[in-house]
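Please view the sequence and the structure before reading on.

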Amino acid sequence: MPTPYQTHIGSFTRKTTFFWAAVGATVGLANLWQFPYLASLHGGGLFILLYLGCLLLVTLPLMVTEAAIGRHARHGIVLAMDGLIRSAKRSRLWMAVGRLSVLSAFLVLSFTAVFGAIALAYVFFGATSKFSGVDHVSATGILAGLVSDPREFRVFMGWHAFFLTMVLWVSGQGVVGGLERAYRIVVPATLVLLLALFGLAARYGRIDAAVSQIIEMHPQDLTWGSLSAALFHAFYTLGLGMGVWAILGAYTTPHTQLKRSILAVVLMDTLVAILAGLMIFAMASQSNVFDGERGFSLLFISLPVTLSELPLSQFVITAVFLMVVMIVWSTSLALLEPVVGWFREWTAAPRGLSVFLVGVVVWLAGLASLFSFNVWAEYRVGGATVFRWLELLTGGLMIPLVAVLIALFTGWGLTRNLSKTMLGKTPGIFGAIWFWVMRLVLPLVVVYIGIHYTASSLGSLCDNGSEAFWCEPTPNMVEREGGGEASDPVDASESGVNSDRSTGETGDLLPAEQAPENKPVQPQLHPESAPKDDDILYHSV
């Protein structure tokens, strides 16, 4: 094995760059397609307060720990853990923490780029008026033609390669010329665009209805399930467990106030989620097309339908999905960095070559998720496509496991003096809270999150008709086993592609069947050929 590369892999030149890079890494699709739904369902403003409490008590200490590990070592998570293990004289088995972090970032990036490809295609669709006057059936047909049609998967591959090229080109320019410059331009531009779209929604939508849903207190909607939802969102939405915070911490300047900057990032992420929620609900208040929807169907079906009714809809839709592209692009750039940093430290390869090689492997791995929506859609294990298993592996197992191991290592494996040195100068009360949260609170909470996430994901497969061994037989399964006929796929023209309000499920897209000549091709629905409302990529995204 090559000797680890023992010099700096890069550093920011301005102390505020860490803030902009961290905002770009944490503001993801979950701010758009998950947080507004959760806030409206779990008490509005009360859920926001509950969410902030989970951030400050549970998530913030882990964010500070990961960033402090990177800053203390001035290396990525793998070599940073190596240095701490040597200093504390602990078992080399702890090295698995760093390696699992890098692998998690790699896998999450592989399917995050697929969603970036869809958003990028939608920018061009909006600019060419493809969404002009669309309804739910038409919007579903557009999405099906891009994502789920096995005859057109090469076009989808092209958008995927285009999006990844944008990410790799910037990363290849270096930490200063690429990452720092891009984050200092793109992230503020994204926030300005969000504010402009919020103003547009307030002007043409019903901001009072949006405030009622997102900001006003609804104590009757607050339950124990609200606490679980707040914990889940607080943990998965901030890019933890993937080495992102460690590499950004390693890049900080000596003058960067790390803990204060992280607190500002947490508050900014929450503010963006609130503004996005107000924007979405203000636009939806007249047609109610978002009622009960979240996730993939909200962003790529219902949102274009609603925006098509606004004045100058061609420009509005283009601007909205340009903002989405900028959000996913910033997240992807952050996810790529731990992998590139690890590869450089392991091989001593120059940055340009490292970015190229890592990018090729990410692209190849991403094809597994891309094909899960079209040419491999019928190939399932336990009722799940390759994409679903990758999402479950990272979200339900790897990321929670990394978080628990980091908490246990820093809380129990390091001496108090080494912990204080790594954490840096901090008020005594914060240090005490951090110490006991890492020792006791965070491991228990994250174990609960990981188990619940996995159980819910496996349960959703059963709800969608999986015959896996962990599923209880249903009447439909018994009927099939007894020789009965399975029901036919639901035609989109009959269903209108609406959500099932009683379960929160949304039908998935199938490629359009071959239609007779001179007759329109109609998309159909079928379980799991595209992400559904329950397939929320908290950690991506």
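The structure holds 30 aromatic pairs, where rings of Phe, Tyr and Trp (its six-membered ring) pair if their centres lie within 6.5 Å; planes under 30 degrees apart count as stacked, over 60 as edge-to-face and the rest as tilted. One of them is the tilted pair of Tyr236 and Tyr453, with 4.8 Å centre to centre and 45 degrees between the planes. Because Tyr236 belongs to helix H11 (residues 224-236) and Tyr453 to helix H19 (residues 428-463), the pair ties together parts that are 217 residues apart in sequence. Helices are DSSP runs (H or I, at least four residues), numbered from the N terminus. Both Tyr236 and Tyr453 are buried, that is, under 20% relative accessible area (1.4 Å probe, protein chains only).

The model is predicted: local features need pLDDT of at least 70, side-chain atom pairs count only at pLDDT 80 or more, and totals for chains, interfaces and linings use all residues. Residues are numbered from 1 along each chain as its sequence is written, and side-chain values use heavy atoms, with hydrogens and water left out.

Two arginines lie over ring faces, as tabulated here. A charge sits over a ring if NZ of Lys or CZ of Arg is within 6 Å of the ring centre and within 35 degrees of the ring normal.

| Charge | Ring | Distance from ring centre |
|---|---|---|
| Arg416 | Phe435 | 3.9 Å |
| Arg439 | Trp436 | 5.7 Å |

Helix H5 (residues 77-88) is mostly covered, with nine of its twelve residues buried, including Ile77, Leu84 and Ala88. Just after H5, Lys89 takes a positive phi of about 60 degrees.

Note on methods:
Buried < 20%, exposed > 50% of the residue type's maximum accessible area, 1.4 Å probe, protein only. Helix = DSSP H or I, 4+ residues; strand = E, 2+ residues; numbered from the N terminus.
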